[in-house]
Amino acid sequence: MLKNKSLISVSDLDKGDIEDIFEKADYMYQNMNNMRQNEPMKLKILSTLFYEPSTRTRLSFESAMERLGGSVISMADSKTSSFSKGETLADTIRIVESYSDIIVIRHPLEGAALLASRFSSKPVINAGDGSGEHPTQTLVDLYTIKKELGDIENKEITIIGDLKYGRTVHSLLLALTRYHVKINLVSPANLKLPDYVYKEIKNKLDVNIIDDIEQSIKQSDVLYITRIQKERFTDKNEYYKLIGSYKITKKEVEKMKENSIIMHPLPRIDEIDVEVDFMKKAKYFKQASYGIPIRMALISMIAGD
Ligand code: CP
């Protein structure tokens, strides 16, 4: 169903698509280290166009393609590309589509991945468009919940941090409308969820905007923490006023219920104390590692033969 299709928003995926990706990701998880010899993506080229910094998304896409026996061409830094000479995104895409079979793009502007898909005859994957969406991170997040808790259905999920600029939060909430879950949202007053996301989810999810983080910590199955997105603030003083608004320490984790987990799309700045990393509820590094099977699954489903 995903073959030759772009993935710009989680709204492009129904629950069946998500489950198909997870089934394929399970296969990739089992065979991650021996897929290269079968070369399912032999002679295929993936391009990564990153106009914003990334560690996990770019490297896991590249690792996934390499593990599938394909090749990668990469623009890891817009400063060293012809963007710095003034080339438009549309013109860059017209070139890169003739150099590769699938394009992964991250860009600071909302809508950039959609625009890229309009100028490309090859599938485009949105790896983050400004404060818009990050659909492949959401697949990683949902897959983590499924693997670590057995199911996504009927879970209580508390999302804490920058709900305004956090694209992983927007995509995650939109995707969770496919499931029966309870959502608690916690943020500083000026970093609340944008109206366009809230309107989309409010009638489909049991959503609660809360101040009592203590109670949510005790009753949630998942604490999903996000950093405050410094790069989105035009006035950096506003950012410095907000850092440290929330911090999960060992003390909070000890109040969480049995079998609950802590997730974070990363990078983490100071919102989770490093001592939490050694506790069994801390799943954020495992979560990042699921990026490989999920992205192997996506690449092969979109660009495989
Ligand atoms: N989670 C995530 O998108 O991480 P990177 O910015 O390192 O790609």
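Okay, hi everyone. Before we start, this is a predicted model, where local features need pLDDT of at least 70, side-chain atom pairs count only at pLDDT 80 or more, and totals for chains, interfaces and linings use all residues. Residues are numbered from 1 along each chain as its sequence is written, and side-chain values use heavy atoms, with hydrogens and water left out.

Let's begin with the ligand. Which residues are around the ligand? They are Ser-54, Thr-55, Arg-56, Thr-57, Arg-106, His-134, Gln-137, Pro-265 and Leu-266. Being near here means that a residue has a heavy atom within 4 Å of the molecule. By type, that shell splits into 2 nonpolar, 5 polar and 2 charged residues. For those labels, Ala, Val, Leu, Ile, Met, Phe, Trp, Tyr, Cys and Pro are nonpolar, Asp, Glu, Lys and Arg are charged, and the others, Gly among them, are polar.

Now some distances. A ligand oxygen is 2.7 Å from an N or O atom in the Thr-57 side chain. A nitrogen of the ligand, meanwhile, is 3.0 Å from an N or O atom in the side chain of Gln-137. How much of the ligand does the protein bury? On its own the ligand exposes 260 Å², and the protein buries 91% of that. Those areas come from the Shrake-Rupley method with a 1.4 Å probe.

You'll find Thr-55 in the loop between strand 1 (45–50) and helix 2 (56–67). Thr-55 is partly exposed, at 47% relative accessible area. For that scale, buried is under 20%, exposed is over 50% and partly exposed is in between, using a 1.4 Å probe and protein chains only. Thr-55 and Pro-267 are 212 residues apart in sequence, yet their C-alpha atoms are 8.5 Å apart in space.

That takes us to Pro-267, in the loop between strand 9 (261–263) and helix 11 (284–289). What kind of peptide bond joins Leu-266 and Pro-267? It's cis, with omega about 5°. Leu-266 is in that loop between strand 9 and helix 11 too, and has a positive phi of about 65° without being a glycine. As background, most residues other than glycine have a negative phi, and most peptide bonds are trans. Leu-266 is also buried, with 12% relative accessible area.

Asn-4 has a positive phi as well, about 60°, and isn't a glycine. Asn-4 sits in the segment before helix 1 (15–31). Is Asn-4 buried or exposed? At 54% relative accessibility, Asn-4 counts as exposed.

Next, helix 6. All 10 of the 10 residues in helix 6 (residues 167–176) are buried, so this helix is largely enclosed by the rest of the structure. Leu-174 is one of the buried residues there, at 12% relative accessible area. Leu-174 and Asp-305 are 131 residues apart in sequence and 30 Å apart, C-alpha to C-alpha.

Last stop: Gly-304, in the segment after helix 12 (291–303). Gly-304 is buried, at 7% relative accessibility.

Methods. Helices (H or I, at least four residues) and strands (E, at least two) are DSSP runs, numbered from the N terminus. A polar contact is a pair of N or O atoms within 3.5 Å; within protein, one must be able to donate a hydrogen and the other to accept it, and residues adjacent in sequence count only if both atoms are side-chain atoms.
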